[in-house]
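Subject: Structure for your reading

Dear colleague,

Please find below the sequence and the structure that I am handing over to you. My notes on what was found follow directly after them.

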Amino acid sequence: MTPGAADLIGRPTELFYWIRGEMVVVVQLPRRPAEDALELLAEQVRSQLNALLAPHHLVLEPYGSGGRWQEEASPPRPPIRQRAFLFGYHRQQPLVAIFYQVRHLEQALIDPMPLALAYLQVHLEELAERGIRLVSIMPNWLVTAAPFYYSVGGPALPPRPAPRLELPAIGASEPPLGWHISFLDQGLLLDPEGAGNVLVAVLDTAVEAERLLLAAERPEFRRHWLLQRLAADLRNGGGLFQIEYDRYPLWEAVRTGRDRYGEAFYYPMPDHGLFVAGLIRDIAPQARIRLIRVLNDYGGGDLYGLFAALTGLEKELFTGAIRRLVVNLSLTTLPDVRRLPYVWFDDRRWPSRGLASAMSVLALLEDGLRLLFDSLYAQGALLVAAAGNDSWSETRQGKRRRPPRAPARYATVVSVTSVNSRFEPSQFANAAAMPPVNGGVATFGGDVEGVRDSNDLPDAVRGVYISPAFPTGEPNATGWADWSGSSFATPIVSGLAAHLLAQGWSAANTMLRMTSTGEWHGGLLYGSPPEVPALLANLIRARQRFGL
């Protein structure tokens with residue numbers, strides 16, 4: 001490890017799943033309000049909720065007025081322009097998500113949010129009588145590609161230098177070369193126009209546009225075909241490649257990642273989103289790609305950025321500004337559905353007579369997020385999300401893999417998990433589905449360190465990486481990195497989905513095509529088994545090769 005590299009990486013002392021003292025309430029409205037009325041609506045709801053919380057010495061305050069937002073930030077964060085986000089434009093009774101700070105007036109509670117949530121839940125009927133229909137009350141869950149806030153998540157492994165391979169130059173011009181994705185399955189109808197009428201929105205980490213353009217000028221990166229293509233798209237304008245870098249406020253204290261052994265370990269990963277966007281560009285050469293920064297340089301974020309970006313995309317769909325949309329979410333949020341009860345309930349048990357109440361609480365903790373994804377799907381968006389990389393310990397112990405994380409586990413989202421280059425389940429990969437959801441998709445996402453492919457190279461996905469050095473200090477000499485995880489299987493599916501939408505397929509038909517084999521086995525009335533049973537996933541065979 002080079003000197004100073006240790007300063008860039010580390011291990012957390014504690015794990016958190018949400019940002020303390022912050023709450024999201026989702027309210028069903030009788031009709032669609034004017035955009036300039038949302039702030040007034042948020043204040044009206046706050047007043048009603050505070051009337052119920054006052055006897056308990058709790059108060060909701062406008063989002064951004066306290067807690068972490070009082071800290072100095074360098075560079076300064078973008079301002080909070082909005083505290084309420086409208087969605088569900090297709091519904092007669094749309095929804096609004098409102099963000100609040102939570103404070104206890106007398107006790108110095110570390111986190112007063114769970115207490116406030118519990119008190120509000122017992123007053124749902126009373127609030128409904130007053131005309132406030134709360135459909136969800138959530139913590140501000142951490143969102144991570146997974147020193148104070150740290151969440152389970154992140155890529156399966158840190159990035160590392162890709163193998164240095166060279167092909168003979170053709171003539172004196174030395175044409176660009178590098179790695180390319182291709183599909184092995186027959187019958188995958190790729191759009192001859194390269195998916196040119198589809199927008200793929202990538203919600204992820206991002207680098208500033210200027211930094212990408214400068215990296216493309218580095219002499220050692222001049223023959224990197226994919227980096228040069230992204231830089232050309234950015235220079236030419238016209239929306240072929242856009243980066244929204246500083247639209248939403250982010251907090252650098254949220255961090256995520258894993259080391260080579262699958263243990264919690266954080267490191268900077270600003271290239272994560274660029275790596276993902278590059279894979280989509282390789283597969284869908286004419287698609288419009290919009291890289292939206294909702295995760296900080298350490299791969300961490302929260303629901304604020306997710307709601308802000310996704311409600312903005314839904315509005316563009318509703319107004320016709322976007323016609324065909326794929327949303328790539330190489331990120332996860334919330335504990336998995338089996339772990340959630342043990343995270344939320346401190347004593348980890350409750351009497352059987354309280355089971356219905358416990359299930360109601362758990363539903364309220366994420367229904368608002370699920371409804372957001374349902375709304376985008378209803379508008380025709382195809383949502384593609386990573387199932388997660390949490391199962392390495394389970395596979396070593398011979399146990400069943402962990403279920404998919406949110407948002408991949410929602411019925412209106414294509415859940416993507418990972419197989420290696422031999423199309424065997426990656427050792428870290430979560431299952432792609434959890435019944436009653438029909439199924440998910442598995443495609444190439446690499447494997448753990450030590451697994452080799454048929455060419456005796458590390459079994460990993462290779463993509464664009466422009467940081468000067470890797471997390472452990474190795475210099476970046478080629479602009480290519482090896483990285484493994486369902487994060488990198490997800491854009492392969494997103495790129496393929498763009499081809500199908502470009503040819504007039506609906507989001508529903510595209511989703512069905514990807515998550516089912518379309519075959520009939522032996523007359524069984526209950527359907528056909530998944531192609532990768534351990535992952536509850538159907539397989540899309542993709543490979544990556546080096547060449548011109």
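Leu303 touches Val24, Phe99, Met138, Pro139, Asn140, Trp141, Val143, Thr333 and Leu369, leaving aside residues up to four places away in sequence. Please keep in mind that the model is predicted. Leu303 is among the residues with the most contacts inside the largest nonpolar core, together with Met23, Leu203, Phe307 and Leu369. That core has 86 residues, and its largest share, 9 residues, comes from helix H7 (residues 303-319). Apart from it lies another core, of 68 residues, which includes Ile280, Ile289, Val326 and Val416. As a general background, nonpolar side chains in soluble globular proteins tend to be buried together.

I turn next to a charged residue. Is Arg281 buried or exposed? Its relative accessibility is 1%, and buried means under 20%, so Arg281 counts as buried. Arg281 belongs to helix H6 (residues 272-283). Residues up to four places away in sequence aside, Arg281 touches Leu226, Arg229, Leu230, Asp233, Leu240, Gln286, Ala287 and Ile289. With Ala287 there is a polar pairing: a polar atom of the Arg281 side chain lies 2.9 Å from the backbone oxygen of Ala287.

Helix H6 also packs against helix H12 (residues 486-502). Two packed helices are described by the angle between their axes and the distance between the axes. For H6 and H12, the angle is about 35 degrees and the axes are 8 Å apart. Their crossing is right-handed. On the H6 side, the contact is made by His272, Phe275, Val276, Leu279, Ile280 and Ile283. On the H12 side, the residues involved are Ser487, Phe488, Pro491, Ile492, Ser494, Gly495, Leu496 and His499.

Which residues of helix H4 (residues 209-216) are buried? They are Leu212, Ala215 and Ala216. Seen down the axis of H4, these buried residues fall within an arc of 100 degrees, and therefore they line one face of the helix. The face turned away from that buried side carries the exposed residues Glu210 and Leu214. The buried residues of H4 pack against helix H5 (225-236), strand S10 (241-244) and H6.

The peptide bond from Ala406 to Pro407 is cis, with omega near 0 degrees. Pro407 is placed in the loop between helix H11 (392-396) and strand S17 (413-419). Phe423 lies in the loop between S17 and strand S18 (440-444). The phi angle of Phe423 is near 65 degrees, a positive value in a residue other than glycine. Phe423 is partly exposed, with a relative accessible area of 22%.

His57 likewise has phi near 65 degrees, a positive value in a residue other than glycine. His57 sits in the loop between helix H1 (38-53) and strand S2 (58-62), and at 32% relative accessibility it counts as partly exposed.

Finally, Leu548 is found in the segment after strand S22 (542-547). Leu548 is partly exposed, its relative accessible area being 49%. Leu548 and Val464 are 84 residues apart in sequence and 16 Å apart in space, C-alpha to C-alpha.

Yours sincerely

Conventions: Residues numbered from 1 in each chain as written. Predicted model: local features only at pLDDT ≥ 70, side-chain atom pairs only at ≥ 80, totals over all residues. Heavy atoms only, no water. Core = buried A, V, L, I, M, F, W, Y, C linked by side-chain atoms within 4.5 Å. Buried < 20%, exposed > 50% of the residue type's maximum accessible area, 1.4 Å probe, protein only. Helix = DSSP H or I, 4+ residues; strand = E, 2+ residues; numbered from the N terminus. Contact = heavy atoms within 4.5 Å. Polar contact = N/O pair within 3.5 Å; in protein donor to acceptor, adjacent residues only side chain to side chain. Arc of directions from axis to C-beta. Axes fitted to C-alpha atoms, helices over the stretch in contact; angles between N-to-C directions. Left-handed = near helix turned anticlockwise from the far one by under 90°.
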